[in-house]
Amino acid sequence: MLWITPLRALANDTLRSLKTAVDELCPWFSVELRTGDSSQSTRKRQAEKLPTIFITTPESLSLMISYPGFEERFRSLKVVVVDEWHELIGSKRGVLTELGLARIRTVTEDIRLWGVSATLGNTKKALEVLLGRWSEEAVMIGSGKGKNIEIVTLLPEIIERFPWAGHLGITMLNPVIDIIESSNSTLLFTNTRYQAEIWYHKILDEKIEWAGILGLHHGSMDKESRTAVEQLLSKGKMKCVVCTSSLDLGVDFSPVDTVIQIGSPKGIARLMQRAGRSGHQPGAKSRLYCVPTNSFELVEFSAARSGIEKGKIEPRTPIEKPLDVLAQHIVTVATGEGFRSDDLFEEVKTTHSFRNLSEQEWEWTMEFVIKGGKALKAYPEYSKIRSEEGFYVVENETLRRRHRMSIGTITSETEVVVKFMNGGSLGTLEENFVSRLKPGDSFIFSGRVLEYHKLVDMVLYVKKSDKKNGPVPQWGGGRMPLSTELADEVRIKLREFQTAGNPGIEMSAISPLLDLQQKWSVIPMEDELLIEKKKTTEGFHLFIYPFEGKLVHEGLSALLAYRLSQIQSATFSISTNDYGFEILSTQEYELDNEQLEWLFAKENIVEDVLEVTNSTEMAQRKFRDIARIAGLVFQGYPGSSKKPKQLQASGALLFEVLSKYDPGNLLIKQAEMEVLETQLEVSRLMDAMKRMRESRKSIIDVPFITPMAFPLMVNRMREKLTSEKLSDRIAKLIANLENAAEKEDFS
Amino acid sequence: MINDLPQIKIKDSTFIALPQKAFFWVEEFTLLLSDIHFGKTATFRAAGIAIPEGSTTDDLKRLSDAVELTNAKKIIFLGDLIHHRTGKTRLITEQLKNWIEERPDKEFILITGNHDKSSDGISEIPQIKVVDELIIRNKFLLRHHPESQKGFFVICGHLHPAVRLRGTGHDSLRLACTHFSKNMAVLQAFGSFTGTSIIRPEPGDTVFMAHDGEVFSIKY
């Protein structure tokens, strides 16, 4: 039996549980593990004889395919289990798993495949993807009742009527500490690594006696310190761990009895998953405390609770035929047993991901891995795969070894490694942050105050600092946009606030803000698109609220500004958040019916979006991953910092060279597609345009900047001003608006 | 036209920044450039990594333009002319050889860089004189590695310097550049298939950025 699990850490956990069961039921079974961490001797023994039950990761499966003898060893396989399939399905690792399963089906007679998945918005689809061509034969078994989750929101004492997203929820520090104190062991989730570092520090400032039992865990920290925290946590030796999505999944932390979420989780499934980290015993109730960082998040918590009650969970969209993964898989098979083109093409087409792979795409990918693609014509120095009478193999041992090192789809970022002078590693930082520091500067990282000593070859050497404080690094790309499902629930909550008798505690708490919104403007209903207009000394503001999440709003706002400029040219500044966006223009627009029709017209949406976004630059950045997966970038041998220097090139450089000298390259096309789908979310953007087009439009000349508009305005100012000037200005703005609001209260 | 380009004066010598990612030393009639890394794409291909050719021709074209524009008598490569021996194909050396033979009236000097060692020298093209370091006018020291030397202004390469220019918010742009500091000039990498490393200029420094056929300068 083969057991595939997404995480190495989970593999250890699975091993333990399976062994317990096997020792009682059938002690003659052997259970073993094979991951990237396995020792040479284990691998060698396993190469000779496989255990009865074999636990591994998708990458390790791929690695086994890359050795000759795979067919022989796996022929007698009877059962395959794919665990935590929901974690894999939306990613390229899922595609790698699909390809590995197709290989297994080819070499075995008759296997039974089990998939284990959390409930998804598209569980049926998840099943189809796992089974590929065999999905007709599938049976779905559900566990019936879901987990009992209780969501408790901590209400702030004062509800700000003009909220902005600059807070970290620190005003709620004391109630949070109280909860931690009264619990056995707590996981405190934040949405960004930046927030995690700050919360860790603030708690420790307040509770010095927790040093040693308060932990920090995020993706940029060194693996060893993360593992140490995980182990202490599972042994029940941690009072609290401040963490990010890095602990969303992982080993069973049964001692954890409390989970706290700082800020909106932005998705229903994420909140459920985090809640599930506590009360891990069957039948136990999971309790989750939500801490808002601004008043609007109260709506989101309330919406997430309804979402969970209704079982409205986000789907995970499977990835369609990524050619980079295919190219890697072809070389993997050629490195192992070798193949005939027609056979492998047929095999690959049995997967869900590549079911629609055309013959041309197959030919191109084959040509790419064999000859390096069309543009390489006949360079004698290039050869990777050789054909012997139509049978493809990799002969060169160096290339085989190098390919095995490159298997997998997770790219490690080129980041600066942070180390103590005596060698202890702390984790990684973005080059951008490091480039702002000078030797002698202090900064906070990995829960400590550190001093910059020197930077050598992308390694930052640090020592402990005497200072108490310093800047905290911000990592890019960390912010999750509001999911479609949660956004829908937010719209419903806003309607219920106006129509339902009892809208719930969060909605009641936020009523001072919503009442004012209603007084100065309206609270949009689900079939209504609210557009607020306001003239100030800055210019003409348009605030538009589609509730589609920040990413989609970035595309939408750029698109609408572009279309406005075609009505009459003007200069724009734009600001976006999860609820809507602001377009500030030097030009006033009337927005009559004819203009509205033009703005939301369905023609040329994609063309216009490409016209106004820096999609080429985005594709360039995307290309890094693709180049790595397809074997264009060699990351070096694991455990060794030495890379063959003569083989270094950045993704951006490769993108430039390939698009210039090989314009038909399908990997370049793939990068562009990935940007359209995942970065600009074009399908969601098209849906949003349709919804806006069909909605009833309320265009309101507002007397003041409304509570919903305020965070957008602050966002825009933040782009321009330093933080000190900004907070002064925000304070002044709030005072003015509060004045106006109070006058209303008395009138 | 050459007089409109940005320039810098060091110890009574004039260096003109060319849009072709090279410098012209007016008093010496000399073209200075560094880090071409010829044959880098071929090195990748030899290692089974599929990168198409094209950059060699483009680089030679740009080099021709620089020679024509300045009418330099001498061309000094400040190291890393050839990327690696595995990419030193006959096609590459012949292309370079032909280009040099077409210019019999010019003098060519290569200052050895680390990559020139790992590509076994350039004996195939005897017209190129190879030296480790070069002292000119008793004031300028030309070498590959950026190591300062007392009493000299060092002109070198190796680093592939780039600066990060910041726009509003998180917007920022990384641009390859030449970096003039008090006692040293590190030249922009000439080759089109080369990476960069970020440097941080000090107050008083000047950087020149040759990009897309134009050249800009910033004084810090």
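# Reading chains A and B of a predicted model

Me: How many helices and strands does chain A have?
Reply: Helices (H or I, at least four residues) and strands (E, at least two) are DSSP runs, numbered from the N terminus. Chain A has 29 helices and 24 strands. This is a predicted model in which local features need pLDDT of at least 70 and side-chain atom pairs count only at pLDDT 80 or more, while totals for chains, interfaces and linings use all residues. Residues are numbered from 1 along each chain as its sequence is written, chains are lettered from A and ligands numbered from 1 in the order in which they are written, and side-chain values use heavy atoms, with hydrogens and water left out.

Me: What does the radius of gyration of chain A agree with?
Reply: The radius is taken over C-alpha atoms, and the globule rule is 2.2 Å times the number of residues to the power 0.38. For 747 residues a compact globule would come out near 27 Å, and the 28 Å of chain A agrees with that. Along the principal axes, the C-alpha atoms of chain A fill a box of roughly 85 × 60 × 60 Å.

Me: What share of chain A is buried?
Reply: Buried means under 20% relative accessible area, exposed over 50%, and partly exposed in between (1.4 Å probe, protein chains only). By that rule, buried residues make up 54% of the 747 residues in chain A.

Me: How much accessible surface does chain A have, and what part belongs to carbon and sulfur atoms?
Reply: Areas come from the Shrake-Rupley method with a 1.4 Å probe; for residues, only the protein chains shown count as cover. The figure for chain A is about 33,700 Å², with 50% belonging to carbon and sulfur atoms.

Me: How far apart are the mean positions of the positive and negative charges in chain A?
Reply: Lys and Arg count as positive and Asp and Glu as negative, while His and the chain ends are not counted. Each charge is placed at NZ of Lys, CZ of Arg, CG of Asp or CD of Glu. In chain A the mean positions of the 95 positive and 103 negative charges are 4 Å apart.

Me: Among contacts in chain A between residues at least 6 apart in sequence, what percentage join residues at least 24 apart?
Reply: A contact means heavy atoms within 4.5 Å. The percentage for chain A is 73%. Setting aside neighbours within four places in sequence, the contacts of Leu2(A) include Phe54(A), Leu77(A) and Ile104(A). Leu2(A) counts as buried because its relative accessible area is 0%.

Me: Is Met272(A) buried or partly exposed?
Reply: Met272(A) counts as partly exposed because its relative accessibility is 26%. This residue is in helix H11 (residues 268-275) of chain A. Apart from neighbours within four places in sequence, Met272(A) is in contact with Ile149(A), Ile308(A) and Ile313(A).

Me: Which side chain makes a polar contact with that of Lys207(A)?
Reply: A polar contact is a pair of N or O atoms within 3.5 Å; within protein, one must be able to donate a hydrogen and the other to accept it, and residues adjacent in sequence count only if both atoms are side-chain atoms. The partner of Lys207(A) is Glu181(A), at 3.0 Å. Lys207(A) lies in the loop between helix H9 (193-206) and strand S8 (214-217), and is buried, with a relative accessible area of 13%.

Me: Which side chain in chain B has a polar contact with Asp59(B)?
Reply: It is the side chain of Ser192(B), at 2.4 Å. Asp59(B) is in helix H2 (residues 55-70) of chain B and is buried at 3% relative accessible area. Ser55(B) is also placed in helix H2 of chain B. Beyond residues up to four places away in sequence, Ser55(B) touches Tyr661(A), Thr41(B), Ser192(B) and Phe193(B).
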